[in-house]
Amino acid sequence: MEEIQHSHVQVRGVKLHVAQIGTGPKVVVFLHGFPEIWYSWRQQMIAVAKAGYRAIAIDFRGYGLSDHSPEPEKTTFKNMPDLIFQAFLVGKDAGVFPAYILCASCPEKVSGIITMGVPFLLPGPSIQIITDNLPKGFYTLRWKEPGRAEADFGRFDAKTVIRNIYILFSGSELQIAADDKEIMDFVDPSTPLPPWFSEEDLSVYAGLYENSGFRTAFKGPLQSMETDCGITDPKITAPALLIMGEKDYVLKLPGMEDFVRSRQVKHFMPIWKSSSWQKGTTLFKNNFQSR
């Protein structure tokens, strides 16, 4: 990983950590989810750079080596996108929401978009419809309660928290807690990490979260999903690709599978086209090509 260079840039009053590799006018920006960091994209960054692109991954504000906002409690998805130049966007998990917001609000900055795990949704009423129909013990509802996630996570060090989350959410089942249980209580300490997530990876993640803590991470993806991003008629005209696994638990959220299969997304991405469902991975695309 020594080829990847690291620096900090000042954006809207916050110093952000930036990892990058490669050169050239075409830029690919990778947007991580929770509880991830720039490091989540290291392999893809190297591959993209070898293909002739400049690959960039940031730590969102309040994550990893980036500064917290002056008022972390006011951090929402709307002020997480800090893109200052035109680029292809690649977002995963909670990282798809800043990507979708950028595509809808600043189309001139987006050459194309790839999202993983979550179809087109914007924070606000559309998320509210889903959460209103979730069991009350579902993990996102539980952790958005003021102080609940902090208390749940606060029983453990950062390394144990990261270990527990990757064990819990590498499966296909929804994590729903009874009234007398917390989400972290689901983890059997003897359960091994997923085979694709090494102890070395865990140590890197833990070190960066020991630096940043979880306070902004809670506020972003966990506690501001329903905060209206202010976009009333979203349209994404950039070439788009959605990647989802058939066993991804997101498809079990209320209305989600029908939303994906019925092609309702065409209302928001008019030129969106899809391929057939494939074993293991499902790809939906609208002629995603380099511009």
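Predicted model: local features only at pLDDT ≥ 70, side-chain atom pairs only at ≥ 80, totals over all residues.
H6 covers residues 158–168, and its buried members are Ala158, Val161, Ile162, Asn164, Ile165, Tyr166, Ile167 and Leu168. As for what they pack against, that would be helix H5 (148–153) and helix H7 (199–212).

Let's stop at one of those residues. Asn164 sits in H6 and has a relative accessible area of 6%. The cut-off for buried is under 20%, which is why Asn164 counts as buried at 6%. Which residues does Asn164 touch once its neighbours within four places in sequence are left aside? Phe156, Met184 and Val187 are in contact with Asn164.

Now zoom out to the whole chain. There are nine helices and eight strands here, and 53% of the 291 residues count as buried. The accessible surface comes to about 13,400 Å², with carbon and sulfur atoms holding 53% of that area. Take the contacts in the chain with a separation of 6 or more: 72% of them link residues 24 or more positions apart.

Strand S1 (residues 5–11) runs antiparallel to S2, and seven bridges join them. One spot to look at is Ser7, which stands opposite Val18 in S2. S1 and S2 make a hairpin with two residues between them. Arg12 is in the turn, and its phi is positive, at about 50°.

S2 itself (residues 14–21) is a mostly covered strand, with seven of its eight residues buried.

Next comes helix H2. Nine of the 10 residues of H2 (residues 96–105) are buried, so this helix too is largely enclosed by the rest of the structure. The buried set runs through Val96, Phe97, Pro98, Ala99, Tyr100, Ile101, Leu102, Cys103 and Ala104. What covers them includes strand S3 (27–31), strand S5 (87–92), S6 and H3.

Two of those covering strands, S5 and S6, are joined by six bridges and run parallel. If you want a residue pair to click on, Gly91 stands opposite Thr115 in S6. S6 is mostly covered, with six of its seven residues buried.

Carry on past S6 and you get to Leu122, in the loop between strand S6 (110–116) and H3. Leu122 is a loop residue, and it is buried, with a relative accessible area of 7%. Leaving aside neighbours within four places in sequence, Leu122 is in contact with Tyr100, Ile101, Ile127, Cys229, Ile231 and Pro234. Tyr100 and Ile101 are also among the buried residues of H2. Pro98, another of the buried H2 residues, is 24 residues from Leu122 in sequence and 8.8 Å from it in space, C-alpha to C-alpha.

Leu122 also brings us to the second largest pocket. Which residues lie nearest the centre of that pocket? They are Leu121, Leu122, Pro125, Ser126 and Phe268, out of a lining of 20 residues. The space in this pocket is about 340 Å³. Helix H3 (125–131) and helix H9 (256–261) are the elements that give two or more residues to the lining. H3 gives the most, with four residues. In terms of class, the lining of the second largest pocket has 14 nonpolar, five polar and one charged residues.

Leu122, from the loop between S6 and H3, touches Tyr100 and Ile101, among others, and lies among the residues nearest the centre of the second largest pocket.

Technical notes:
Residues numbered from 1 in each chain as written. Heavy atoms only, no water. Buried < 20%, exposed > 50% of the residue type's maximum accessible area, 1.4 Å probe, protein only. Contact = heavy atoms within 4.5 Å. Areas by Shrake-Rupley, 256 points an atom, 1.4 Å probe, with all protein chains shown as cover. Pairing = 2+ DSSP bridges. 1 Å grid on protein atoms, 1.4 Å probe; cavity = no way out; pocket = protein on both sides within 12 Å on 5 of 7 lines; lining within 4 Å. Points joined across faces, edges and corners; volume = space filled by probe spheres on them. Nonpolar A, V, L, I, M, F, W, Y, C, P; charged D, E, K, R; others polar.
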